[in-house]
2 protein chains.
Amino acid sequence: MTTQELVSQIHKKKSFLVVGLDTDLDKIPKHLLKEEDPIFEFNKAIIDATQDLCVGYKPNIAFYEAYGLEGWKSLEKTINYLNDNYPEQFTIADAKRGDIGNTSTRYAKAFFETLNFDSITIAPYMGRDSVEPFLAFEGKHTIVLALTSNKGAFDFQTQKIGNQEVYKKVLETSKTYENSDRLMYVVGATKAEYLTDIRAIIPESFLLVPGVGAQGGSLEEVCKYGMTKDIGLLVNSSRGIIYKSQEEDFAQAAREAAKSMQEAMQAILQTL
Amino acid sequence: MTTQELVSQIHKKKSFLVVGLDTDLDKIPKHLLKEEDPIFEFNKAIIDATQDLCVGYKPNIAFYEAYGLEGWKSLEKTINYLNDNYPEQFTIADAKRGDIGNTSTRYAKAFFETLNFDSITIAPYMGRDSVEPFLAFEGKHTIVLALTSNKGAFDFQTQKIGNQEVYKKVLETSKTYENSDRLMYVVGATKAEYLTDIRAIIPESFLLVPGVGAQGGSLEEVCKYGMTKDIGLLVNSSRGIIYKSQEEDFAQAAREAAKSMQEAMQAILQTL
């Protein structure tokens with residue numbers, strides 16, 4: 001999917017919501033456990049109930065890997081279901097990968113070709129030759145961790161290299177990577193006050209923003225400081241949407257939670 | 001496996017060699033492609049031919065993920081084969097994972113429980129609460145990227161935070177993490193001259209050292225500056241061992257390459 005197609009979807013749906021699929025057998029409704037593939041059945045129901053309110057889905061790969069082969073099957077079925085039924089959705093493999101050249105190419109093939117995701121999240125610690133192999137894939141997007149929403153972000157990301165914080169150094173350095181127009185960045189909503197500085201370095205790039213809601217980030221603040229003329233924001237919510245109910249009505253409850261976020265987004269988009 | 005058991009194995013085998021299983025269908029001998037699971041058959045033959053010369057195996061997870069479900073099956077068969085037949089081998093999931101708390105726990109379960117690896121490689125960018133969930137697993141080891149062997153290492157790792165390079169900050173900060181005695185670190189052999197400084201910060205910890213041979217690092221240099229009284233080094237070689245021949249004799253050729261590294265290690269150990 002091109003960035004322009006994503007922007008069109010945002011305007012069409014009046015939403016820049018991404019639903020995180022952190023699917024956990026301990027948290028999904030008990031009645032699904034009798035299904036052959038409870039994880040996929042849960043995802044399918046959540047997707048069908050929310051797809052008109054969001055522009056993307058983000059399976060959190062750890063949750064699938066934790067179940068080994070069975071989990072990988074559920075992931076494959078989920079991404080195939082999305083691509084077959086809702087090809088207009090922007091799909092994000094939240095995988096936090098990154099390794100030296102030929103290994104990164106393998107990860108890129110795994111998620112961009114074998115599974116056919118539109119994008120993947122990447123850790124930048126190993127630098128240029130760990131990120132560029134992902135950027136080589138046309139029509140795909142590489143979402144680099146810049147400033148994350150967790151406490152551990154203060155361990156290294158906000159430390160200063162010279163006069164510049166590590167995460168800003170990551171933003172600035174990554175702009176020099178080949179095919180850097182295929183980059184997006186993870187910036188946690190819990191640190192919305194940093195967005196002005198971030199936009200000074202990457203004025204146009206899309207940001208994937210976790211941490212609105214459950215982790216305490218404010219949608220209004222994120223939009224105030226982070227929005228661009230082409231919106232430039234994808235706000236993710238996972239637990240706040242998919243686990244609203246653990247009963248038979250879970251999909252409807254997820255729809256209501258997604259609807260409430262979509263309406264808040266629509267209200268903001270209308271003021272532009 | 002405990003660290004003390006690993007040290008015993010090193011002394012017993014007079015080797016601190018780890019064989020990297022970067023198994024690639026384009027590089028393995030053509031005659032294996034007619035097997036039902038060529039990747040596993042290749043790994044099995046390599047393992048059987050080298051197991052008395054090394055103390056560990058390190059499947060590079062990207063190479064398995066690239067083949068989707070089939071690759072995951074080959075990985076599962078490989079780790080099960082190791083655990084069933086050579087439980088004395090130290091197994092490393094070279095996965096470069098790392099995410100916020102509950103997600104890291106999932107990755108830890110995937111590799112420490114579902115697949116039952118002894119250890120996993122981790123990227124430190126997200127800080128304390130992305131690493132500690134791995135450290136919570138008793139009897140398991142978490143190998144944090146410190147200074148990698150690729151060019152991109154100079155993008156961020158060697159940049160200075162105050163007077164201290166980022167990789168040293170990672171070493172020092174990680175020592176304060178809970179259960180930090182379960183930490184090991186990746187330090188590339190191509191940067192052996194940094195090992196004195198590294199040992200000043202982490203005098204005892206095991207280092208996983210890639211880049212000897214293929215990437216130009218010197219075994220002698222690594223041992224001179226990095227070895228501890230309990231050895232403290234695991235030197236990895238992947239392509240330099242497993243792809244010595246693409247013919248029927250591939251396993252024997254791998255054995256010879258491993259033997260030559262083991263002998264070089266034995267010579268060094270004898271001088272202690």
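Two strands count as paired if DSSP finds at least two bridges between them. Helices (H or I, at least four residues) and strands (E, at least two) are DSSP runs, numbered from the N terminus.

Some conventions before the details. This is a predicted model, in which local features need pLDDT of at least 70 and side-chain atom pairs count only at pLDDT 80 or more, while totals for chains, interfaces and linings use all residues. Residues are numbered from 1 along each chain as its sequence is written, chains are lettered from A and ligands numbered from 1 in the order in which they are written, and side-chain values use heavy atoms, with hydrogens and water left out.

I begin with chain B. Strand S4 of chain B, residues 119-122, pairs with S5(B) in the parallel sense over four bridges. In that pairing, Thr121(B) stands opposite Ile143(B).

How many of the seven residues of S5(B) are buried? Seven of the seven, residues 141-147, so the strand is largely enclosed by the rest of the structure. Buried means under 20% relative accessible area, exposed over 50%, and partly exposed in between, with a 1.4 Å probe and protein chains only.

Next, the interface. Contact (heavy atoms within 4.5 Å) links 56 residues of chain A with 57 residues of chain B. The area buried between the two chains is about 4900 Å², and carbon and sulfur atoms give 58% of that. Arg106(A), Tyr125(A) and Phe156(A) supply 20% of the area that chain A buries against chain B, more than any other three residues. Buried area is the accessible area, 1.4 Å probe, that two parts lose on being put together, summed over both.

Across this interface the rule finds six salt bridges, each a side-chain nitrogen of Lys or Arg within 4 Å of a carboxyl oxygen of Asp or Glu. Asp24(A) and Arg106(B) meet in a salt bridge at 2.8 Å, N to O. Helix H5 of chain A, residues 101-114, gives the largest share of the side of chain A that touches chain B, seven residues.
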